[in-house]
Amino acid sequence: MKQFIPLLLLIILFIETIYAKTPNVVLIMADDLGYHDLGCYGHPKIKTPVLDQLAKKGVKLTGFYAGATVCTPSRIALMTGSYPTRLGWSKGVVGHILSTNHGLSPKALTMAEHFKSAGYQTAVSGKWHLGDRPSFRPHRQGFDHTFYINKSNNQTDELWRDDKLLEKPYKNRFLTEQFTRKAIEFIQAYKDDPFFLYLPYSAPHFPIEAHPDWKGKSNYGVYGDVIEEMDARIGEILDVLKAEKLNKKTIVIFCSDNGPEPLTKESLAKPFRGKKWSSLEGGTRVPCIISWPGTLPSGLKTDAIISAMDLLPTLATVCQIELTKIKSNPVPIDGVNVWSTLMGLKKKHPRNDLLYWHGSNGFEAIRVGNWKLFPKRLRANLKGNGPALFQLSKDIEEKNDLSQLHPERVKAMQKLANQRLADLRIKFIPLGQSKTD
C-alpha cells in the first residue's frame, strides 16, 4: 500500500502536468461590431467595463483583421485558418448573393475538428452562417454540442440544436442571453475536461432589439443597450470560469467578424474609413482582446498585423494540437503562429503581409508592413485610374495616395499580391454544394 501511494501521486502529478499544458479556449465573436464600438477602443458613450478590464489585464490588439469583410467568409477564415477563397468562396454570404445550397465544404478541416482530435470537448452557441443544409451543420464540422441560428438574425427566425429545430420563431431580443446560458451550461458540464467553446453572438447585427433588462439603460440608444448587454453576459461567463477555478486554465478571445454594418449608423469604425463589405480598413480591422491570466502579459498592446486566420495555428501550438493529426488538410493554412508576439517577446513578427477582400468584388488590396496598395484606386473610393498606395502608419484614413512617389514599391507589392493570388488559385477546393435547395 505504501508503494502504491507514491505511484498514485506520480500519476496525479502527470495528469495535472498534461492538463496544465492543454488550456481551455473560449472564442467569443461579435457580429458587425465596429472598431470604435467598445470603451477600450475609444467609444465615449458605450460602457463596456468587462471587456475594458479584459483588455487591461490581457493583450489588446490594434492591428487585428477579421478573416473577411462579411459574415460567411470571415467565419470560413476563422474556422479553417485559410483565406476563404481557398475554400471556394468568391462573394456574398449564405442567403445573400451566395445561395443557401452552398456552405463550407465537409472536406474542410475546422478548428473544432482539430480540438476534438486532441481530446477536447467542443461546443458552438451562437450564429453559424457556414451553411444551412444538413451536411454543412456544425455538429458535422467538429462540434459535439450545438445551439445556433444558421444565418444572421435578419435572415432567419429558426433556432437549432444539431438537426433539431428548437424554436420558430425565436425572440431576437433574448438571443444574447440564450447563447450565454448554453455556453455556461457547457462550461459547467465539462469543467473537468479540456474544452473549446465557440461563442459567436448574433449581436449587434441588425435588427437591433434590446433585452428588456437593458432597454434604455445605455447613453447610446438601443445600439448601446445591445452592446452593453453583451459585455455584461461575457462578464457572467468570466465569473463562472473564476468560480470553477478555470480562469487561469482558459484562454479567452474576443473579436468581431467584420466592420460595422453600413445601415447601422450608430456603429462606428473610427478612426478608419469604410465599413462592412469594404476593403478599406474600417471594413475588416476590428477589436480583438486575448486573455490568459498568469500566462499572457497583462496590459500588453500590439499593433502587429494579426489575422483571424492566425488564431488556429497559434492556438494549436499552445494547446499542443497537431494540425495534421486527423488527416492531411485539403488546403494550405495561411495563418501563422503569433504566440511570441502575444507574449511580448522580442522576436520578429511572423506576418508581414495580408490580402484584403471586398464582400462581393473579391480581391482588392494588399498590405505589406505599414503600406497598403489598391491596384485599382476606385476600390479605395478615390477618383481616377491607376493604383492607390497608402502609408497606414501616417495615414490611417487612407486618403493620401503616394503611388506616384513610390512606383517601385507599387510594383513590388503588386508582384507579391499576384504571387499570393496565383497560389490561392492553384491550391483550393470548391464550396460545399447541396443537391437540394
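Author: This is a predicted model. P204 sits in the loop between β11 (195-200) and α6 (221-243). The peptide bond from A203 to P204 is cis.

Reader: What makes the bond from A203 to P204 cis?

Author: Its omega is near 0°. Most peptide bonds are trans. A cis peptide bond also joins K168 and P169, with omega about 0°. P169 is placed in the loop between β10 (164-167) and α5 (175-189).

Reader: Why is K245 called exposed?

Author: Exposed means over 50% relative accessible area. K245 has 67%, so K245 counts as exposed. K245 lies in the loop between α6 and β12.

Reader: What is noted about the phi of K245?

Author: The phi of K245 is near 60°, a positive value in a residue other than glycine. Most residues other than glycine have a negative phi.

Reader: How do you know that N381 counts as exposed?

Author: The cut-off is over 50%. N381 has 58% relative accessibility, and therefore N381 is exposed. N381 is in the loop between β18 (371-374) and β19 (388-391). Its phi is near 60°, again positive in a residue other than glycine.

Reader: Why is C255 called buried?

Author: Buried means under 20% relative accessible area. C255 has 1%, so C255 is buried. C255 belongs to strand β12 (residues 250-256).

Reader: Which residues is C255 in contact with, leaving aside neighbours within four places in sequence?

Author: They are I28, M29, A30, F64, P287 and C288. Contact here requires heavy atoms within 4.5 Å.

Reader: How far apart are C255 and P200, in sequence and in space?

Author: In sequence, C255 and P200 are 55 residues apart. In space, C-alpha to C-alpha, the distance is 9.4 Å.

Reader: Why is helix α8 described as largely enclosed by the rest of the structure?

Author: Helix α8 covers residues 311-318. Seven of its eight residues are buried, so α8 is largely enclosed by the rest of the structure.

Reader: Which residues of α8 are buried?

Author: L311, L312, P313, T314, L315, A316 and V318.

Notes
Residues numbered from 1 in each chain as written. Predicted model: local features only at pLDDT ≥ 70, side-chain atom pairs only at ≥ 80, totals over all residues. Heavy atoms only, no water. Helix = DSSP H or I, 4+ residues; strand = E, 2+ residues; numbered from the N terminus. Buried < 20%, exposed > 50% of the residue type's maximum accessible area, 1.4 Å probe, protein only.
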